[in-house]
Amino acid sequence: MAINIVANNKKAFHDYEILEKFEAGIVLKGSEVKSLRAKRANLADSYCRFIKGELFLVNAHIAHLETTNTNFSPDTRTPRKLLLHKKQINKLFSNVSKDGYTVVSLSIYFNEKNKAKVSIAIGKGKNVHDKRQTLRTRTLDREAQNAMKNLKND
């Protein structure tokens with residue numbers, strides 16, 4: 001069984017230079033797991049924050065499923081605790097303490113064991129000229145790939 005990606009944060013790759021990636025478990029309620037399986041999640045404006053020595057995923061939207069119990073509908077943007085080893089949390093905290101570094105969520109997925117996981121990373125904010133340079137190099141790479149493909153087809 002392969003990894004089943006639920007949601008990606010494309011904006012994170014645009015706004016941040018990704019330095020190091022981590023895999024974290026996430027604390028969810030039953031109806032939230034069903035929503036993730038239905039791919040009803042969005043990480044567009046989400047980020048990670050340290051609260052009392054623990055790491056939380058803030059502002060991630062996991063929609064309420066209509067087929068679940070109507071009496072229990074959790075808040076769609078509530079902070080969700082991320083599960084990491086203490087050494088990993090300390091490493092993340094020491095990096096975030098530096099100026100300009102942050103912890104960003106990259107994607108939510110189900111791994112091979114069918115457990116919900118969050119891919120997070122230490123990111124350094126890009127300036128406007130860095131973003132333009134990234135777009136420029138991507139465009140040049142894409143054009144080079146297309147040129148190589150056209151040469152093969154001829």
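**View 1. Phe93, a partly exposed ring.** Phe93 is partly exposed, with a relative accessible area of 47%; that label lies between buried, under 20% relative accessible area, and exposed, over 50%, using a 1.4 Å probe and protein chains only. This is a predicted model, so local features need pLDDT of at least 70 and side-chain atom pairs count only at pLDDT 80 or more, while totals for chains, interfaces and linings use all residues. Residues are numbered from 1 along each chain as its sequence is written, and side-chain values use heavy atoms, leaving out hydrogens and water.

View 2. Phe50 belongs to strand E4 and Phe93 to helix H3, 43 residues apart, so the pair links distant parts of the chain. Helices (H or I, at least four residues) and strands (E, at least two) are DSSP runs, numbered from the N terminus.

**View 3. Charges over rings.** Look for Arg37 over the face of Phe110, at 4.4 Å from the ring centre. Lys98 lies over the face of Tyr101, at 5.9 Å from the ring centre. To qualify, NZ of Lys or CZ of Arg must be within 6 Å of the ring centre and within 35 degrees of the ring normal.

**View 4. The largest nonpolar core.** This core has 26 residues, and Leu36, Leu55, Leu57, Leu82, Leu92 and Ile120 have the most contacts inside it. Contributors of at least two residues each include strand E1 (4-8), helix H3 (86-96) and strand E9 (116-125). E9 gives the most, with four residues. A nonpolar core is a set of buried Ala, Val, Leu, Ile, Met, Phe, Trp, Tyr and Cys residues joined through side-chain atoms within 4.5 Å. In soluble globular proteins, nonpolar side chains tend to be buried together.

**View 5. Around Leu36.** What does Leu36 touch, not counting residues up to four places away in sequence? Its contacts (heavy atoms within 4.5 Å) are Val6, Leu28, Ala41, Ile62, Ile108, Phe110 and Ala116.
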